[in-house]
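User: I am new to this structure and would like to know the grounds for the terms used about it. Please take me through them one at a time.

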Amino acid sequence: MLRKLLPCLALFLLHAVPALAQDTPHGEVILTVNGTLAKPNQADRMVFDQAMLEKLPQKKYTVQLPWLEGPQTFEGPLLADVLAQSGASGKTVTFRALNDYSASMDVEEAKKHGVILALRQNGKLLTVRTKGPLFVMFPFDRNEALRTPDNYRRCVWQLNQIDVR
Ligand SMILES: Nc1nc2c(c(=O)[nH]1)N[C@H]1C(S)=C(S)[C@@H](COP(=O)(O)O)O[C@H]1N2
Ligand SMILES: [Mo]
């Protein structure tokens with residue numbers, strides 16, 4: 001009996017656990033990930049609400065940006081963790097904003113440099129009015145080589161969509 005049941009149980013767990021482990025939003029969707037996703041949670045896309053993004057480990061960078069006065073602290077999950085949770089594979093990531101602005105970069109480069117999707121600026125949750133819901137940020141503070149015009153252009157504010165191709 002058990003001998004027959006065990007393979008069935010194993011098969012069940014193999015299929016059920018990733019499905020159960022995949023989080024879905026309960027609140028307002030603030031980020032949509034499009035592309036080739038192994039673990040989408042809404043049709044072929046991955047959608048996140050604030051709570052889902054806050055469950056991921058939070059990183060904090062205090063940076064000086066050329067267009068903002070004084071040091072600014074940005075906090076949020078690593079892009080790498082967001083992509084991993086989506087099962088995203090691809091070479092290029094495109095950050096898209098509510099105002100149709102977009103910027104792209106190599107996925108591996110973004111992961112290597114610890115790019116975050118900031119939910120907070122100076123401790124305050126970002127809203128559309130304050131250039132949220134999300135703000136792409138680099139650890140400019142700890143890596144001088146990152147301070148390039150290309151990377152500043154990639155600091156997309158009002159981010160709500162990411163494409164991985
Ligand atoms: N959503 C959005 N993000 C954006 C931009 C933009 O126009 N829209 N401009 C980019 C560029 S080119 C730079 S240098 C920085 C600062 O631009 P800003 O001074 O217009 O904020 O934000 C980047 N992020
Ligand atoms: Mo710019």
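This is a predicted model: local features need pLDDT of at least 70, side-chain atom pairs count only at pLDDT 80 or more; totals for chains, interfaces and linings use all residues.

User: How many helices and strands does the protein chain have, and what share of the residues is buried?

Analyst: The protein chain has five helices and twelve strands. Of its 165 residues, 42% are buried. The accessible surface of the protein chain is about 9300 Å², and carbon and sulfur atoms account for 56% of that.

User: Why is serine 86 called buried?

Analyst: Buried means under 20% relative accessible area. Serine 86 has 0% relative accessibility, so it counts as buried. Serine 86 is part of helix 3, residues 79-86. Leaving aside neighbours within four places in sequence, its contacts include Val33, Leu37 and Phe48.

User: Why is asparagine 41 called buried?

Analyst: The relative accessible area of asparagine 41 is 17%, and the limit is under 20%, so asparagine 41 is buried. Asparagine 41 sits in the loop between strand 1 (29-37) and strand 2 (46-49).

User: What makes the pair of asparagine 41 and aspartate 23 a polar contact?

Analyst: A polar atom of the asparagine 41 side chain is 3.0 Å from the backbone oxygen of aspartate 23. The cut-off for a polar contact is within 3.5 Å, so the pair at 3.0 Å meets it. Asp23 is also among the residues in contact with asparagine 41, once neighbours within four places in sequence are left aside; others include Gln22, Thr24 and Met52.

User: Why is alanine 43 called exposed?

Analyst: Exposed means over 50% relative accessible area. Alanine 43 is at 71%, so it counts as exposed. Alanine 43 lies in the loop between strand 1 and strand 2, and its phi is near 50°, a positive value in a residue other than glycine.

User: What makes arginine 120 and glutamate 54 a salt bridge?

Analyst: The closest N and O atoms of arginine 120 and glutamate 54 are 2.5 Å apart. A salt bridge needs a side-chain nitrogen of Lys or Arg within 4 Å of a carboxyl oxygen of Asp or Glu, so this pair qualifies. The pair links distant parts of the chain, with arginine 120 in strand 9 (residues 120-121) and glutamate 54 in helix 2 (residues 50-55), 66 residues apart. The structure holds seven salt bridges.

User: What does the salt bridge between arginine 96 and aspartate 163 tie together?

Analyst: The closest N and O atoms of arginine 96 and aspartate 163 are 2.6 Å apart. Arginine 96 is in strand 6 (residues 92-97) and aspartate 163 in strand 12 (residues 159-164), so the pair ties together parts 67 residues apart in sequence. Aspartate 163 is at 7% relative accessibility and therefore counts as buried, whereas arginine 96, at 31%, counts as partly exposed.

User: Where do aspartate 150 and arginine 153 lie?

Analyst: Both are in helix 5 (residues 149-153), three residues apart, about one turn of the helix.

Key:
Residues are numbered from 1 along each chain as its sequence is written. Chains are lettered from A and ligands numbered from 1 in the order in which they are written. Side-chain values use heavy atoms; hydrogens and water are left out. Helices (H or I, at least four residues) and strands (E, at least two) are DSSP runs, numbered from the N terminus. Buried means under 20% relative accessible area, exposed over 50%, partly exposed in between (1.4 Å probe, protein chains only). A polar contact is a pair of N or O atoms within 3.5 Å; within protein, one must be able to donate a hydrogen and the other to accept it, and residues adjacent in sequence count only if both atoms are side-chain atoms. Contact means heavy atoms within 4.5 Å. Accessible areas come from the Shrake-Rupley method with a 1.4 Å probe; for residues, only the protein chains shown count as cover.
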